[in-house]
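Hello,

Here is the structure I promised to pass on, and my notes follow below it. Have a look at it in your viewer before you read on.

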Amino acid sequence: MATAAATMVSSAGGLLAMLNESHPQLKFHAVTNLISFVDQFWPEISTSIPILESLYEDEEFGQHQRQLAALLVSKVFYYLGELNDSLSYALGAGPLFDISEDSDYVHTLLAKAIDEYASLRSKAAESSDGAAEIDCRLEAIVERMLDKCIIDGKFQQGMGIAIECRRLDKLEEAIIRSDNVHATLAYSTHVSHSFIYCREYRREVLQLLVKLYQKLPSPDYLSTSQCLMFLDEPEGVANILEKLLRSENKEDALLAFQVAFDLVENEHQAFLLNVRDRLPTPKSLPSESLQPESSDPAPIQNENSTAAEDVQMIDGSSASMTDVLEADPKEVMYAERLTKIKGILSGETSIQLTLQFLYSHNKSDLLILKTIKQSVEMRNSVCHSATIYANAIMHAGTTVDTFLRDNLDWLSRATNWAKFSATAGLGVIHRGHLQQGRSLMAPYLPQGGAGGGGSPYSEGGALYALGLIHANHGEGIKQFLRDSLRNTNVEVIQHGACLGLGLAALGTADEDIYDEVKTVLYTDSAVAGEAAGISMGLLMVGTASEKASEMLAYAHETQHEKIIRGLALGIALTVYGREEEADTLIEQMTQDQDPILRYGGMYALALAYRGTANNKAIRQLLHFAVSDVSDDVRRTAVLALGFVLYSEPAQTPRIVSLLSESYNPHVRYGAALAVGISCAGTGLSEAISLLEPLTLDAVDFVRQGALIAMAMVMVQINEASDSRVGTFRRQLEKIIRDKHEDTMSKMGAILASGILDAGGRNVTIRLLSKTKHDKVTAIVGLAVFSQFWYWYPLIYFVSLSFSPTAFIGLNYDLKVPRFEFLSHAKPFLFEYPKPTTAPTTTSTVKLPTAVLSTSAKAKARAKKEAEQKANAEKSSGLESSSSSLNTGKGKPSSEKDGEVMQVDSLPEKKAEPEPEPTFEILTNPARVVPAQEKFIKFLEDNRYVPVKSAPSGFVLLKDLRPNEPEVLSLTDAPASAASATTGRPAVGQQSSSSAMAVDDEPQVPQPFEYTS
Amino acid sequence: MDPQLTEVSQMFERFKAAFIRKDFDSCANLLSQLKVLLTKFRSLPPLFENTPNSVNEVLLAREIYEHAVVLSVKIEDQDAFERDFFQLKPYYTDAGSSRLPPSQQEYLILGLNLLRLLVQNRIAEFHTELELLSATALENPCIKHAVELEQSFMEGAYNRVLSARQNAPHETYVYFMDLLAKTVRDEIAGCSEKAYDYLSINDARQMLLFSSDQELLEYIKEEHPDWEVKNGSVYFQKAKDSAPCKEIPSLQLINQTLSYARELERIV
């Protein structure tokens, strides 16, 4: 007897013939059998599809038979690749289409069904005339699928489908029924940010998420308030904060502070102000429980007073407890917390802490600047100002202006606009120095009745500097800037004041300021008008207000290109983040006759769709990049891609790689900057590979762009993690030294050196906050920065995008306690770059005559100075041993002391080989570069436990041993210039504390000592 | 014996009786019932399950379908022939070789099928079928007959085709041979249409193998209404004119080429 296998059917012809039989039972028999053979014989069956179709449509045929026929047809169509037909028959098959079947057919069709359903749903949602036309059978299939996902525990899949199909009811169900509601909620928040392209719908999803968050037994306030921020509902956040602050529990208050810090990180000034205003004002307080931040804003105090205050703070809680007689202790505590949180929300607390961190950790290498200064020709004013820019960027936010002070003569060569930017550079250096900003700039500011002897350029620059200092936190300075604007009719001062106002009142949509700036615009002066245009945009960032059309109208009216350009950018800024809402305006601008307005249109596209990776926007930009007649528009279109794609940096090099090989240098330039913008601070290997050839481009400005972009990508990446960083540094040096290099690329190289070591090597360019929100200030900053093509002083806007790479742990009093944690990676990977030690060695070879003893001495002096300065800094902080990096147990503390004590013995120390440690202990506050974040671990048996386990940024620490005295670090205020006298006693403290780090287990911090 | 099988074979006996009586109506009726009953046997194609009675069942089923094919010829129903033949085929190709004794009727029916394809002018399928046959099968007179016919047909030796009617290997072949005459006539008509501008009625009658002018005129009226009969001749002009002339989509091509050129320029 032959086996069954031997008697396989070789053709479906017989069964197909049976379909033509008149007897229905025969047809049924044929269909039934055909279904089991369809996988094999679909080519044969495909010729009989019309018969099967008529069977399906035959009313006389039984329901089951018809569905069977439909299933058969669907399968054949599936094999034929006609998924649409296949799907429609699968729907006809009703329950016979089994979604749980594990076959390619079912998988493909399900995907198709879900796609179809999702697109129908979103179409229905957009056209808003009901979902009537959606096939209920389709809906049934998708619902079956969703239910199955939920039952099978594939919640993420289910949520994804539900979100895609706009089935919020199902999304809710999936989330509620999942086993880890917190995780799924977090997941869906993430999904809604990265995959929902329609803004309106995203709002709906987030609203649902907030609702769900609030229903949870233990609400996740951090995430909730993030969602609320996106929804722009300050009230909700204020309620949460109030509830937390009211609580008896100290932990809740810590949480509230953490929420506030997280919100501040997103830099949404208008929203933060709103939240703050909604919180009740603290009731009249007993004066001693006031927070130092608010009662005593100027950190000019010397060490003693700080220390004294610390004592007060430590006693603070107990003090308020004993205040029963004076007021209800709860109220007192509440009021105190309110004050603190308002300080945080206003951004002052974080700015101040950042400032302290940047100051105390400043590792900028003055030698680099010196080299630049020496190699740059005296009379070349472009390079001269570029050096000033580089210095400002290098020291952004560190308040260290030594270089300028040391080179006053050299500096004085800056005239006119160079003077403007030199003065403005001070603003970058002192960025965030809110309390003292004004007094620092005082010598340059316009004096009351315009009778001051200062040149208008330095006065204008000073106003701009004030704006930079107060960028996005301009509460205190707005009025002054307005007055200055009103009291002058000098173009240059107006220019500075407009920029300053725009920065200080960023995104506040303040009508009065807007009107004042508008008045300046209507004077139709080119210089002032340009700044006014930008300023108006800055004021109205992301408001999509009616003002845009007003600006557009004036842009059509005026004759000055500068004004049109300023306005074009301003208009673009107004639609920041509005996505589809901005489409009309974008359309209007991109179709304009005037190339400058089209150019603005590119920015509008970039900013409206910032970080969304929206396909439509990308397509449009690519279209303009290759088809517009104006080079400026093409360049900007490519550049704008960087903004659209920054949320997915890995994509950008791929998308612009072709453009980077374009014959048009403007397009190449745009491609370079696009990569620079979107991959900023990532050190992405593809990005570097793409930029490398561009740095050697034949056209000078392409080289410039590529160098700057490269620096942006490599910021805070050190040579150990990518050897090309070292190559790039050497390349920069070579370009700067090369006498025959073009000015343009030389300037690029100088700026690149600045950006590479930005902010004392402690900041990176970050366009997304840790919660994946866009950082308005940073993006706006980069957008305006990219305008430096036309107007160099706008280079300073880059400082807006710097964010410190720091872990700063705070206790209940918002002070920085001593706290150690682990970075589980080889320390050398994330070290600061080594200081350039011997700049002479290379130059001696090349130019033996140039290195005379004088210059060598000068250099030696410079080096010594640098070291001394570093030591002074180190010792200036009281317990700042903890503030400097404590490089693990591998490094003996003796070396550290050695560095402090004996300056001269440094070289020998370097020589001794050390075993490579595999981890390092970092001490709060510490520099944690982005690449390092994943290695950060918190130690188990620590006194402090972070409220949220974030590897960087501001983190509130819960004190598990509140009764022990706390050791604080980072109490030095930058204004108190490093004094050697206070430093001395600190050394003893330092040696003891770093000796502790040698032990395997971190120990309890030593008791607090008074060091005054 | 299995009651179902008994039932089927009894009914088949009745069918055969009716078949001999030439009571084709009751034959068709019985056949339809038989087919329905056959669907209950799981040993039949396409399932080929091994049941105790499978050999008997398959044999019986094969015989039923063979009769069905012959019946369809008798009642001159080409569609039914095709249907039944395809249902029969798996019994020859898939089941036959290994476990069944070869059927007496096999070559007869295969030959009939070839003839049918020839009649329907489905030459491609004809050759496909031919390729599937073994060398021994080609020697069989039934098959050989069909093959020779096809060769003559292709050569254009239409007279040989028509004369072959006399030496048909089986009585059932006669029906198809008659039909073949008509196929041949259609071929000739098609060729004449292309070859001549006009033909005299006399020539046309000879050419198209009609015995009388009357038949010819009727044929023209039925099959070729676009032929004109005037002045004692048949004119084919109209048929030639009406043949659709393909237009070159020049405008569309020009547009396409231009847009390519434009896109090329844009490439970066």
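In chain A, strand β4 (residues 820–823) is joined to β7(A) by 2 bridges, and the two run antiparallel. Within this pair, A:L822 has A:K937 in β7(A) as its bridge partner. Both strands belong to an open sheet of 3 strands, ordered β5-β4-β7 (chain A), with antiparallel pairing. At its edges are β5 (920–923) and β7 (936–937) of chain A, each of which pairs on one side only. For the terms: two strands count as paired if DSSP finds at least two bridges between them, and helices (H or I, at least four residues) and strands (E, at least two) are DSSP runs numbered from the N terminus.

A word on conventions before the rest. This is a predicted model, in which local features need pLDDT of at least 70 and side-chain atom pairs count only at pLDDT 80 or more, while totals for chains, interfaces and linings use all residues. Residues are numbered from 1 along each chain as its sequence is written, chains are lettered from A and ligands numbered from 1 in the order in which they are written, and side-chain values use heavy atoms, with hydrogens and water left out.

Chain A also has an open sheet of 4 strands in the order β6-β3-β9-β8, and its pairing is mixed. Because β6 (926–927) and β8 (944–946) of chain A stand at the edges with a single partner strand each, one side of each has no neighbour in the sheet. Strand β3 (residues 806–810) of chain A runs parallel to strand β9 (residues 953–959) of chain A, and 4 bridges join them. Along β9(A), A:G953 is the bridge partner of A:F807, and A:L956 stands opposite A:L810.

On to the other partner of β9(A): β8(A) is joined to it by 3 bridges, and these two run antiparallel. One of the residues involved is A:P946, whose bridge partner in β9(A) is A:L957. β9(A) is mostly covered, as 5 of its 7 residues are buried (buried means under 20% relative accessible area, exposed over 50%, partly exposed in between, with a 1.4 Å probe and protein chains only).

B:M11 sits in helix α1 (residues 3–20) of chain B and is buried, with a relative accessible area of 7%. Leaving aside neighbours within four places in sequence, B:M11 is in contact (heavy atoms within 4.5 Å) with B:L30, B:Q33, B:L34 and B:L37. The C-alpha atoms of B:M11 and B:L34 are separated by 7.2 Å, with the two residues 23 apart along the chain.

B:E129 belongs to helix α6 (residues 123–132) of chain B. Beyond its neighbours within four places in sequence, B:E129 is in contact with B:K89, B:N113, B:L114 and B:L117. With B:K89, the side chain of B:E129 makes a polar contact of 3.3 Å (a pair of N or O atoms within 3.5 Å; within protein, one must be able to donate a hydrogen and the other to accept it, and residues adjacent in sequence count only if both atoms are side-chain atoms).

Finally, B:L251 lies in helix α14 (residues 250–266) of chain B and is exposed, with a relative accessible area of 64%.

Best wishes
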